[in-house]
Amino acid sequence: MAQSRIWTVLPSWLIYPIGIIPAVYLFYAAFTNQLGADPLDALENELGEWALKFLVAGLLITPLLKIVRINLVKYRRAIGLVAFVYVALHLTVYVALDRQFGWWEIWGDIVKRPYITIGMAAFVLLLPLAVTSNNASVKKLGASAWRNLHKLAYPAVLFGAVHYVLLKKTWHPEPLAYLAVILILLAWRFFKYRQSIKNA
Amino acid sequence: MTVYKYNQPLPSEITSKSDYLNRRTFMAGAAGLGLSPLIGIGATHAALKTSKSPYSTDEKTTALEHVTSYNNFYEFGTGKSDPAKHAGSLTTRPWTVDVGGMVNKPGTLDIETLLTKFPLEERIYRFRCVEAWSMVIPWVGIPLASVLKQFDAQGSAKYVAFETLERPEEMPGQGGLFSSLPWPYLEGLRMDEALHPLTILAVGLYGDVLPNQNGAPVRLVVPWKYGFKSIKSIVSMKLTEKEPPTSWNKAGPNEYGFYSNVNPEVSHPRWSQASERVIGGGIFAARKDTPFLNGYADEVGSLYEGMDLRKNY
Ligand code: HEM
């Protein structure tokens, strides 16, 4: 099956300015008080939700290639980095505006509140991936070590979704939908991996 | 991405007391001139006549726009803007509240009776949500005690059980695949809490009848407890001997107790209750320390003397 070219005509650097548009809009709206009654909550939540959207987008690249033969691999690094930017902004808003640098309270949240613990774990797992998302690091680590390291994305995304499910007071449809999609994508990888072992 | 369509006032534009009094004068005047249809105020939306109350706080009230656009009313969806979007379809007339259980004169209470036969008071109360945000709301209401008196409680009654309307045709949050809570929504108070003069049945806010998203046409307001105790759109009140089941307690027994008194010392298992975000402050506003019993400890502290409030959360 031939892979269509139209999917790759755009240069991958375009992902950065496009990906950051929602963040620019959100901060603009927050600073000008257009995010409703509780703008801080809206800003914090929307940034978290965009982080999750880009993380899921990153997970979709391989199945798109393998199942429907759409090759978006050249955009994956940019998508992952944009996702990390959203996680970092989300965390920054939490630290600076929500907790207002109350480090003692933040520490308390991290050790006592499972949803924050899990969110923080996701952030910590993503950190080395963001730092090594460049050609120099691929060279330095070697392709296979680099690829193994970047498998940390799987637990990180899963933790991100679990974090979302846990912070709601009851079962909400949106976080459960994210969790379901992520579980399907991870299960697909797992079965592919099992097949590849069997066939080897 | 959610698009927030409503325009928000700048913090400096948030309704001051004098503005809102002016607004009420304007609405009363408009009603008098027969202009109400022109400005979108229906016959039932005439400004309500109220008297002031010593129980009111003089803190700055939260803008009406925020009070009516940021609500938890899961019958209309779990998002904060869902009630404002979907509650318009709720039919609030005719409306009666069944009053029964351990009373000598069971009966029904008509909303029109509540609005016209009882003296209405303005009660400006702090409102603290269990999610650690807060507002200051000028309710219009009637002390629950003076309403219950009409039904002649029996001496052995110890609790009041409240119930919200269940009408999935008009309440989209009650249908669907994922039901967020068991319906109908249930709440309860101990008798002494119910009869305390701070406890009111609210029929309005900001001088008008209640907007649907705020629990029209009649809701409970118990200002020293987390917001979810202040049950909305009430259709039934029953006096009981046993502690009645409550919806949030059934949904999460280790997170939401029967009492649910505002208490900065007792954390929700998933977040701290020590401080709160004051709605209307914008993104740089400092958090406010949450006072014990939401600042009503002088009035209601004695109700809980000798109780372990960590156990009875
Ligand atoms: C991969 C990492 C993360 C992802 C994908 C993520 C995603 C999300 C999402 C989707 C929401 C809820 C959005 C909504 O309700 O609409 C959220 C809320 C929240 N997140 Fe995260 N998050 C991550 C990491 C973190 C970290 C590291 C922290 C702080 C240490 C954090 C703190 C919070 C808080 C406090 C809220 C709740 C805000 C509120 O409603 O009060 N998150 N996050």
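**Reading pockets, cavities and contacts**

Modeller: Let's start with the second largest pocket, whose volume is about 1200 Å³. This is a predicted model, where local features need pLDDT of at least 70, side-chain atom pairs count only at pLDDT 80 or more, and totals for chains, interfaces and linings use all residues. Residues are numbered from 1 along each chain as its sequence is written, chains are lettered from A in the order in which they are written, and side-chain values use heavy atoms, with hydrogens and water left out.

Colleague: What is a pocket, and what is a cavity?

Modeller: Both come from a 1 Å grid over the protein atoms alone: a cavity is a set of points where a 1.4 Å probe fits but cannot get out, while a pocket is an open set with protein on both sides within 12 Å along at least five of seven lines. Lining residues have an atom within 4 Å of a point. Here 40 residues line the second largest pocket, and the closest to its centre are T62(A), R76(A), H150(A), Y154(A) and R189(A).

Colleague: Which element gives the most to that lining?

Modeller: That is α2(A), with 8 residues. Helices are DSSP runs (H or I, at least four residues), as are strands (E, at least two).

Colleague: How many cavities of 30 Å³ or more does a search of the whole structure find?

Modeller: The search finds 3. The largest cavity holds about 320 Å³ of space. Of its 25 lining residues, N72(B), F73(B), G227(B), F228(B) and K232(B) are the closest to the centre. Strand β4 (residues 133-143) of chain B gives the most to this lining, with 4 residues.

Colleague: How do I read the meeting of the two chains?

Modeller: Contact means heavy atoms within 4.5 Å. By that rule, 38 residues of chain B are in contact with 35 residues of chain A.

Colleague: How many salt bridges does the rule find across the interface of chain B and chain A?

Modeller: A salt bridge is a side-chain nitrogen of Lys or Arg within 4 Å of a carboxyl oxygen of Asp or Glu. There are 3 across this interface. R287(B) and D98(A) meet in a salt bridge at 3.0 Å, N to O.

Colleague: What does E122(B) form a salt bridge with?

Modeller: Its partner is K52(B), with the closest N and O atoms 3.7 Å apart. E122(B) lies in strand β3 (residues 121-128) of chain B and K52(B) in the loop between α1 (17-32) and α2 (64-67) of chain B, so the pair ties together parts 70 residues apart in sequence.

Key
Grid points are joined across faces, edges and corners, and a volume is the space filled by probe spheres set on the points.
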